[in-house]
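Colleague: Before I use the labels attached to this model, I would like to hear what each of them rests on.

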Amino acid sequence: MKAKSIALLLIITLCLSFVAIGCSSNESSESKPEGGTQIILTVGSKEFAVTLADNDTAEAFKKLLPLTLDMSELNGNEKYNYLSDNLPSAAVRPGTIHSGDLMLYGSNCVVLFYATFSSSYSYTRIGWVDTKGLAHALGSGSVSVTFTVFDITDDEDTEESENPEEPEESEKPEQPDEDEQPEQSDQDEEISNMYITINGNKLEVIFEKNTSVTALVELLKQGDISYTANDYGGFEKVGNIGHTLPRNDTSISTEPGDVILYQGNQLCLYYGYNSWSFTRIGKIKGYSESELRTLLGAGSGSVQVTLSLK
């Protein structure tokens, strides 16, 4: 009888062990790395340091920066935004969500948690956000946040630049004449325009000066951007460019030829009139309203649009 009791006890112990192992296999034991790669999260006038996880998801997220997201509120503990592109994912169930957790839900939903609670959902970690003042800065509703690369100047480079070695007399370069001006390289020249190709027509756009345009130019330096645009409201062609740019929204009354950024990732080419809060990107040069309606294919349905610097 005693032997049967011992055997039963062993069986129960083994079963409990298997259950514990099974439960813990879904949970993440990942901890914040010391000295990990950092980026900056900006909410209004507040900046928060973000330590990125050492995984493919965080690496892919960093390549999207600078990135401005309009994040929606959910459950009084998180803000979320669905990206236009998918990121690599390897979801696990952490069990407990902590304030400051920056996660990927599914393959394209960025989630920023500002409260600690238990959860049965699975996520892929992007990083950890400094929580001091985070919940207050995020507020209770939708909020616009910006992620940027954390730029650290190398101390050694700084010292060298502050104390350059004095070249020997024979090595000093000749000083140019006062009337001679050094030629600027292409990289130093300010880019003031781009081109839109639509229906075989190449239209020149004169840029505005804002951070949205700066980010767009950096993308176009890497290659042309093509997207599908559709008629909307009888006054514009609009489409998702597949990238999210910083926003500089102001109340605008548009007119034919205006190139407008809407919600950070949609580019609108106007052949009519409208009023709303937008970011102005530029103006198509040299065409009347009737000419623009023809060139943009007003009312003709979807068209392919290509943005380029040349």
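The conversation below takes the labels in turn.

Modeller: This is a predicted model, in which local features need pLDDT of at least 70 and side-chain atom pairs count only at pLDDT 80 or more, while totals for chains, interfaces and linings use all residues. Residues are numbered from 1 along each chain as its sequence is written, and side-chain values use heavy atoms, with hydrogens and water left out.

Colleague: What makes up the secondary structure of the chain?

Modeller: The chain has six helices and 19 strands, where helices (H or I, at least four residues) and strands (E, at least two) are DSSP runs numbered from the N terminus. Eight strands make a closed barrel with antiparallel pairing, in the order β1-β2-β9-β6-β7-β4-β3-β10, and the twist averages 30° from one strand to the next.

Colleague: How do you know that strand β1 and strand β2 pair?

Modeller: Two strands pair if DSSP finds at least two bridges between them; strand β1 (residues 38-43) and strand β2 (residues 46-52) have six bridges in the antiparallel sense, so they count as a pair. The bridge partner of Gln 38 in β2 is Thr 51.

Colleague: Which strands does α2 touch where it packs on the sheet?

Modeller: Helix α2 touches β1, β2, β3 (67-74), β6 (101-105), β7, β9 and β10, contact meaning heavy atoms within 4.5 Å. The direction of α2 makes about 65° with that of β9, with axes being lines fitted to C-alpha atoms, for helices over the stretch in contact, and angles running from 0 to 180 degrees between N-to-C directions.

Colleague: Why are Phe 61 and Phe 147 called an edge-to-face aromatic pair?

Modeller: The structure holds 10 aromatic pairs, and rings of Phe, Tyr and Trp (its six-membered ring) pair if their centres lie within 6.5 Å, with planes under 30 degrees apart counted as stacked, over 60 as edge-to-face and the rest as tilted. Phe 61 and Phe 147 are 5.1 Å apart centre to centre, with 85° between the planes, so the pair is edge-to-face. Because Phe 61 lies in helix α2 (residues 56-63) and Phe 147 in strand β10 (residues 143-149), the pair ties together parts that are 86 residues apart in sequence.

Colleague: Are Phe 61 and Phe 147 buried or exposed?

Modeller: Both Phe 61 and Phe 147 are buried, a term that means under 20% relative accessible area, with exposed over 50% and partly exposed in between (1.4 Å probe, protein chains only).

Colleague: What makes Phe 113 and Tyr 123 an edge-to-face pair?

Modeller: Their ring centres lie 5.4 Å apart and their planes are at 85°.

Colleague: Why is Asn 75 called exposed, but Gln 263 partly exposed?

Modeller: The relative accessible area of Asn 75 is 62%, so Asn 75 counts as exposed, whereas Gln 263, with 39%, is partly exposed. Asn 75 has a positive phi of about 65° although it is not a glycine, and Gln 263 has a positive phi of about 60°.
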